[in-house]
Structure formats: C-alpha cells, structure tokens
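Subject: Handover of a structure, with findings

Dear colleague,

Please find below the structure that I am passing on to you.

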Amino acid sequence: MKYSMIGTWKMAFNGVIIGENILKNGGNVKDAIENAITYIEDNPNFNSVGYGSLPNIEGELELDAAFMDGNDLSFGAICSVKNIKNPIKVAHLLSNSKRNCYLSSRGAEKFARLNKFEFKNMLNDIAIDRWNNEIQKNFDPDNLEAYDGHDTVCMVALDSNKNMGVGVSTSGLFMKQSGRVGDSPVIGSGFYCDSKIGGAAATGVGEDIMKGCLSISIINNMKMGQDVQSACENALKDHVNRLKNPNYSPGTMSVIALDKNGNFGVATNRDEFPFIVTCENFSTKILVCRNNNLSMEIFEPDEEWLNNYDYD
Ligand code: SD4
C-alpha cells in the first residue's frame with residue numbers, strides 16, 4: 001500500500017479525508033496526522049476532543065495529547081493542559097525534543113506560550129450544559145466509563161515514503177478528577193509506532209488500558225509475526241483475560257492499528273466500535289468492528305446503522 005490511514009470513531013471521518021488528501025498527493029505522515037486531528041480539535045460538534053469537549057468534575061477542561069514518529073521512536077506528549085487550542089500541535093513539536101518531551105499542565109502551557117501556540121477558552125455552552133446536567137446526577141466517580149460513542153481521537157498513518165506516525169487527542173473521561181491522566185498521552189499504553197513494524201493506538205477507559213500497555217502489545221504481537229488483525233484481537237483478548245477477576249469487570253477498550261504495509265486491524269470489548277479508514281485502494285470510509293466474544297467481525301454500516309448512531 002502506498003499510503004494508509006485509520007482513525008477512531010465516526011468523528012474521525014472528515015479528519016481522515018484531510019489526511020487522505022495529504023497522503024495521496026505524496027505529503028508526509030506528520031502533516032496528515034496533525035492536520036486531521038487539528039480539524040477535530042477545532043470542531044465544536046465533537047464532544048470529547050478539543051474545543052467544547054468533556055469537563056472534569058470541577059467543570060474545567062483538561063486536555064491530553066500525544067504524537068509519535070515511527071521512524072526514530074521520538075514522541076511528544078502533554079497532559080492536563082488548559083486552554084491550549086490545539087494540543088496535538090504542541091505534542092507534535094515536543095516530539096522533536098530528546099528530553100523534556102512529556103510535559104504536564106503548567107509546564108506544558110508555558111512551553112506552548114513560549115512557542116507561540118494559540119490559547120483559547122475551550123469551554124463552550126454545550127460543554128457547560130453537559131457538566132451542569134451530570135453534576136446533579138448521583139454518579140459514581142469511581143466507576144467512570146468512556147463517554148458513550150466516542151472519546152479519544154487516535155490516528156495512525158503510513159505515507160508513500162514508508163514513514164509511519166500516530167497522534168492522539170482527548171479530554172479524557174467525563175467528570176474525571178482534576179489532574180487525572182488516562183492512557184492517551186502515555187507511550188506504550190495509548191499509542192505506539194515503529195515504522196519497521198506498525199503503529200497502534202487505544203481508546204476507552206485509560207485506567208484499564210494502562211494496566212497492560214495495550215498499544216505496544218499490538219506492536220509486539222506483530223513483531224512476533226502476527227498479522228495486524230490477529231495482533232489487535234490477541235492483544236485485547238490477553239489483556240481482558242489478565243484483568244479478569246470476579247470482583248472487577250474491565251471498562252470498555254478499543255484499539256486500531258496499521259502494519260508497516262498499511263493493512264489495518266481493530267478490536268474492541270464494546271459491542272460495536274466504529275472507525276474510519278482510507279488507503280491507496282479506497283477513499284475514506286466508515287467501518288464498524290463488532291465484538292462476538294472477543295472475536296471481531298468488521299462490516300460496512302448501512303443507512304439504518306448510521307441513522308441510529310447519533311453521537312456526533
Ligand atoms: C482516557 N482513554 O482518558 C481516554 C478516554 C477515552 O474513550 O479514550 N475514552 O482514559
């Protein structure tokens with residue numbers, strides 16, 4: 001495959017189209033990922049990434065993002081940042097640093113300011129209303145689930161020069177504690193990429209994803225010779241089995257991956273997980289991964305399925 005790109009959730013659709021246009025014209029993977037995720041961060045219609053996303057328990061938006069270059073394994077990440085308009089751009093720039101490439105809150109904001117990134121009040125009326133509704137409910141802070149339908153945008157891509165990269169951006173779990181950080185900006189858990197093998201990323205309940213470093217498990221499975229779909233399914237299955245415990249049921253987790261040739265794989269422990277793909281052989285389209293006892297079936301959703309999916 002000359003180029004290929006995969007993104008999490010239906011909300012990734014227009015972002016992947018942006019990436020596709022860059023990749024099919026010979027553009028590089030870093031531009032494709034940064035532009036695709038920037039579009040989603042800026043779009044107020046997506047509830048869980050960037051502007052107007054999911055507040056923490058105190059009604060503030062604390063965002064996480066990461067970027068990894070599969071050629072040299074460099075990565076940049078920021079967590080718990082407030083009012084940075086495009087966290088993915090800051091994470092991307094940080095991936096050029098050999099040290100100090102993973103910054104939190106105040107330090108990350110200082111870095112963003114020094115490097116002239118745009119700041120903006122990221123809370124909008126929709127996010128404030130959503131928080132007002134939720135805070136009145138009797139919710140259990142110790143049993144937070146991923147926001148139904150979508151949370152984190154993850155993009156994995158391959159360009160025509162065989163460069164691979166991964167980007168992620170999220171507001172994290174809705175009603176999380178202030179300062180709580182999930183898997184998304186954590187290398188190995190929320191994302192991993194090695195252009196000699198492939199790239200992978202995860203979305204779902206970060207506390208559970210981090211218990212097994214899900215993304216690098218997929219890369220390691222591929223390194224051992226598994227095809228990309230088996231690598232995703234086996235990593236998720238092993239992980240869920242590891243977490244099995246009569247007193248605990250793991251939260252939802254979904255993964256996407258590309259191998260170094262641009263073939264894609266997905267797996268989920270939700271009933272269904274929509275994702276977006278494109279490659280040299282077909283233009284951007286939505287597919288759904290259906291979980292049958294941790295065996296995955298992938299199908300193209302029909303009109304009815306799409307009409308019933310009303311999350312974004
Ligand atoms: C987190 N993994 O902060 C993120 C949230 C997410 O689907 O992806 N939810 O734990």
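A polar contact is a pair of N or O atoms within 3.5 Å; within protein, one atom must be able to donate a hydrogen and the other to accept it, and residues adjacent in sequence count only if both atoms are side-chain atoms. With this in mind, a polar side-chain atom of Arg-180 lies 2.6 Å from an oxygen atom of the ligand.

Please note that this is a predicted model, in which local features need pLDDT of at least 70 and side-chain atom pairs count only at pLDDT 80 or more, while totals for chains, interfaces and linings use all residues. Residues are numbered from 1 along each chain as its sequence is written, and side-chain values use heavy atoms, with hydrogens and water left out.

A polar side-chain atom of Asp-183 lies 2.6 Å from a nitrogen atom of the ligand, and a backbone N or O atom of Gly-204 is found 2.7 Å from a ligand nitrogen atom. The residues around the ligand (a heavy atom within 4 Å of it) include Asp-151, Thr-152, Gly-172, Ser-184 and Thr-203.

Thr-170 belongs to strand 6 (residues 164–170); helices (H or I, at least four residues) and strands (E, at least two) are DSSP runs, numbered from the N terminus. Thr-170 counts as buried because its relative accessibility is 1%, where buried means under 20% relative accessible area, exposed over 50%, and partly exposed in between (1.4 Å probe, protein chains only). Its side chain reaches the backbone nitrogen of Gly-172 at 2.8 Å. Leaving out residues up to four places away in sequence, Thr-170 is in contact (heavy atoms within 4.5 Å) with residues including Asp-151, Thr-152 and Ser-184.

Four strands form an open, antiparallel sheet in the order 7-8-9-10; two strands pair if DSSP finds at least two bridges between them. Strand 7 (191–194) and strand 10 (264–268) each have a single partner strand, so one side of each is left without a neighbour in the sheet. Strand 8 (residues 198–204) and strand 9 (residues 253–259) are joined by seven bridges, and Thr-203 has Ser-254 as its bridge partner in strand 9.

Yours sincerely
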